[in-house]
Amino acid sequence: MKMQFQRLSSGYPSNITWDCLSILDAKKNIARQSGISQYSVSIVDMEDGIIYEDDRPLSGLKLPLQVMFGNENRQFPSYLNTEEPDMLTLDDSEDEPRLKMSCGHALSADSLFGFMKLELMTKTVNAIRCPAEGCGSEWRMQEIIRKADMTEDEQIFFEYRISLNAINKEDTPTSSCPSCGSFCQRQAEGNAQVNCVFCSKSEGKEFNFCWDCKSLWYPNHRCSNAELEAFQRILNEAPLKKLDYSHIEGVPSKRMCPNCRSLIEHDSMCKEMTCIKCKFKFCFSCLKPCLNGTLQCSGYSRKCSVAPVQNVQS
């Protein structure tokens with residue numbers, strides 16, 4: 001009886017003999033077949049952004065199994081080497097080379113990867129920050145990927161995980177990729193160029209789009225006025241309606257999601273709205289976001305202010 005697995009960075013599944021019952025059994029089989037250590041193999045769920053524990057039964061998992069290959073020997077360019085001790089382990093031996101991060105603090109490539117993994121998998125954080133006391137500088141994912149010598153599989157998984165955390169963190173905006181629909185996080189406030197790691201992988205080249213107009217990004221990109229004008233026209237011409245359950249009149253029937261900027265039309269029921277694309281919850285009348293799943297303005301059946309028609313340029 002055959003089962004299949006597929007690396008995150010591969011377009012094709014592979015077969016292995018089904019003589020295993022647990023995640024650990026499958027990791028051993030995959031490692032033996034691939035000629036690597038079982039400790040470099042992780043079985044993951046990309047949809048939920050989780051890494052399965054070794055004792056989890058295989059029954060009920062979707063096939064092919066999604067597999068992430070790690071790096072057994074993380075290295076970095078010698079010019080990054082420093083003699084300062086690892087700020088996490090305090091190791092200053094020559095056996096464990098250390099590098100300096102952009103903030104000036106030092107740690108080994110293994111420590112960097114382990115810290116990044118722990119932060120993203122155990123906390124709802126959308127940025128990795130230096131843990132040194134009094135620092136807190138943000139480490140960009142591209143810096144971590146390079147200095148921790150991450151594999152392509154690891155890059156795909158952890159870039160998705162940080163985007164997933166951003167979606168679940170109510171105060172962090174994300175935008176859905178116009179090609180594949182995956183949620184992407186902008187690299188910096190004010191930078192409209194957004195990279196989709198999934199489309200970049202599938203197309204074999206960088207896939208970037210505009211945060212504002214969702215069109216493909218190109219050098220010296222400017223949003224097409226026609227695209228923005230069409231979107232604005234939809235919002236301007238949306239009929240006003242009454243939200244019966246909330247007893248509010250004169251509410252535009254179409255809104256732009258405050259998080260991912262997708263178009264949403266109110267159908268029925270109350271003013272509490274959940275965007276079907278990014279799951280962002282907000283009040284359809286005043287547009288205030290929900291906090292911890294609860295409306296800030298008032299209960300779902302009570303009146304609040306009516307926000308004006310949104311401006312797509314803002």
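**View 1. Salt bridges across the whole structure.** Searching the entire structure turns up 10 salt bridges, where a salt bridge means a side-chain nitrogen of Lys or Arg within 4 Å of a carboxyl oxygen of Asp or Glu. Keep in mind that this is a predicted model, so local features need pLDDT of at least 70 and side-chain atom pairs count only at pLDDT 80 or more, while totals for chains, interfaces and linings use all residues. Residues are numbered from 1 along each chain as its sequence is written, and side-chain values use heavy atoms, with hydrogens and water left out.

**View 2. R74 meets E154.** Here the side chains of R74 and E154 form a salt bridge, with N and O 2.6 Å apart. R74 sits in the loop between β5 (65-69) and β6 (81-82), while E154 belongs to helix α4 (residues 152-168), so this pair ties together parts that are 80 residues apart in sequence. (Helices, H or I with at least four residues, and strands, E with at least two, are DSSP runs numbered from the N terminus.) Are these two buried or exposed? R74 counts as buried because its relative accessibility is 12%, and E154 is buried too, at 2%. The cut-offs go like this: buried is under 20% relative accessible area, exposed is over 50%, and partly exposed is in between (1.4 Å probe, protein chains only).

**View 3. K100 and E84 pair up.** The closest N and O atoms of this K100–E84 salt bridge are 3.1 Å apart. K100 is in strand β7 (residues 98-100) and E84 is in the loop between β6 and β7, so the pair links distant parts of the chain, 16 residues apart. K100 is partly exposed, at 35% relative accessibility, and E84 is partly exposed at 35% as well.

**View 4. R129 and E138.** Which residue does R129 form a salt bridge with? The partner is E138, and their closest N and O atoms are 3.8 Å apart. R129 is partly exposed at 43% relative accessibility, and E138 is partly exposed at 31%.

View 5. Y245, M269 and Y300 make a nonpolar surface patch of about 350 Å². To join such a patch, residues need over 30% relative accessible area and no salt bridge, with nonpolar side chains (Val, Leu, Ile, Met, Phe, Trp, Tyr) joined within 5 Å and like charges within 9 Å. Accessible areas come from the Shrake-Rupley method with a 1.4 Å probe; for residues, only the protein chains shown count as cover. You'll find Y245 in the loop between β15 (240-243) and β16 (248-252), where Y245 is partly exposed at 45% relative accessibility.
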